[in-house]
Amino acid sequence: MKATHGEDVHPGQSVSNGAAPSPNGSGVEPPVLGGPEHTDYYLLDKLLTDEQRALRQKVRAFMDQEVTPVINPYWERAEFPFELVPKLAQLDIAGFQISGYGCPGMSNVTAGLVILELARGDLSMSTMMGVHSALAMTSIALLGSEEQKQRFLPPMARMEKLGAFGLTEPAHGSDVVKLETTAHQDGDSYVINGHKRWIGNATFADYVIIWARGDDGHVGGYVVEKGTPGFAAEVIRGKTALRCVQNAQISLTDVRVPAANRLANVKTFRDTEKVLLASRFCVAWESIGAAVAGYETALAYAKQRKQFGMPLAAFQLIQYRLSRMLADITDMLCMQYRLSQLLDEGEISMPRVALAKMHYTERARAILADARDMLGGNGILLDYHIARHLCDIEAIDTYEGTDTVQALIVGRDITGFNAFVPAMPGR
Ligand SMILES: Cc1cc2nc3c(=O)[nH]c(=O)nc-3n(C[C@H](O)[C@H](O)[C@H](O)COP(=O)(O)OP(=O)(O)OC[C@H]3O[C@@H](n4cnc5c(N)ncnc54)[C@H](O)[C@@H]3O)c2cc1C
């Protein structure tokens, strides 16, 4: 696998850096990500089945061979690589842990490893798949009727239909529980009005799950199908993170949705949180994948790049930094394997997932910043992939609840005090 340059390519056309100057003047190509042996320091692989190892390897190979060589120019142009969707579909991973309806029914660890590998390769791709599988499909799987699952999930599992998840609004991010979009029942349909913001995949999705407040004041989920009049999604420009993901500002003006598209088992906002818990678990794996990319690249580069007559890897300070990265990754992987077991056993809770998301994302940001520094000037070039990951991790830090919000969820759990809403002065 070769690192790539940011020059323009057309979709479908790979770029290689055959003519690139080597960083050492030694004819060696820019470093690439390493193998699993680099990061699996406590031999967690031994806990996996052959099937799990094979699937992980399949996803890793896909990311290394099909995505990494082409993704940087898309990232620069802030375009989504549609050419990769049919290839992604062939991996048969859409739907992650969902069973039946053509979905792969993975265990929590298996799904996590798949997400880790997607994220290690590219956070825009893992995010696109996360929105499609962990948010949109999971909403339907957890909260839809049998008829709705039969209708929506099989084409989504085949990735013939893509999903989006519209919860956040311009005025309500962390306090999205106060969302203002309305769904008024009118005969056998609902009429939706309001605005959504930051909604990934929304410019091209076939099914957008819109969360709106019904006549009874409770939040419901509505599957808005592509082409429904009154639905307008405008891409948010100027993003410095996840540039391939098409995040949209959505306007809903008298959008009429058949009653059959209201997710049958949503009663209140609390049901939304069931989806968010499942997807936050996936986002935690994404952060580990990003951290792995940072560490592997820094290690490969340090072995290759010479200064003062020696490879960087020979210097004590570099070894210290690499060891710290590996300790963090090992810590995260051990935590996440245990969290996956808790999820298997039904012992999961939002605070437990929040702790993971908060901790891993913070560590991944630190590792990527350190890796970027260890690549010197090359660290800011897209060619070496770290710059893209470093920018992208900023969005992972924010979506699915910011670092602060995760801490507030954990803080409320361990202290018993709800610090989300401070008292106004004088009250
Ligand atoms: C790239 C990207 C993709 C996204 N994709 C989707 C999507 O597909 N679907 C979707 O529905 N949403 C999506 N989101 C929205 C995302 O979930 C929100 O951005 C996130 O919840 C934070 O909301 P906000 O941006 O409005 O920030 P705000 O809520 O305005 O927060 C701003 C700052 O205030 C802090 N803060 C907020 N409340 C408190 C408090 N009580 N105490 C202390 N500090 C506080 C926050 O931690 C943060 O630092 C996406 C966002 C991004 C950036």
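This is a predicted model: local features need pLDDT of at least 70, side-chain atom pairs count only at pLDDT 80 or more; totals for chains, interfaces and linings use all residues.
The C-alpha centres of domain 1 and domain 2 lie 23 Å apart. Residues are numbered from 1 along each chain as its sequence is written.

**Domains and their contact**

- The protein chain is assigned domain 1 (44-157), domain 2 (163-269) and domain 3 (273-415), with bounds that come from an automatic or database domain assignment.
- Domain 1 brings 24 residues to its contact with domain 2, and domain 2 brings 19 residues; two residues are in contact if their C-beta atoms, placed from the backbone, lie within 7 Å.
- On the side of domain 1 that touches domain 2, the elements giving two or more residues are α1 (50-77), α4 (123-143) and α5 (146-157).
- The most residues on this side come from α4, which gives 12.
- Helices (H or I, at least four residues) and strands (E, at least two) are DSSP runs, numbered from the N terminus.
- This side of domain 1 consists of 16 nonpolar, seven polar and one charged residues. Ala, Val, Leu, Ile, Met, Phe, Trp, Tyr, Cys and Pro count as nonpolar, Asp, Glu, Lys and Arg as charged, and the others, Gly among them, as polar.

**Shell around the ligand**

- The ligand is surrounded by 22 residues, of which L167, G173, S174, T402 and T404 are the closest; a residue is near a molecule if its C-beta atom, placed from the backbone, lies within 6 Å of it.
- Domain 2 and domain 3 each provide at least three residues of this shell.
- At least two shell residues come from each of β3 (163-166), β5 (189-200), α9 (386-398) and α10 (403-415).
- The shell contains 11 nonpolar residues, 10 polar residues and one charged residue.
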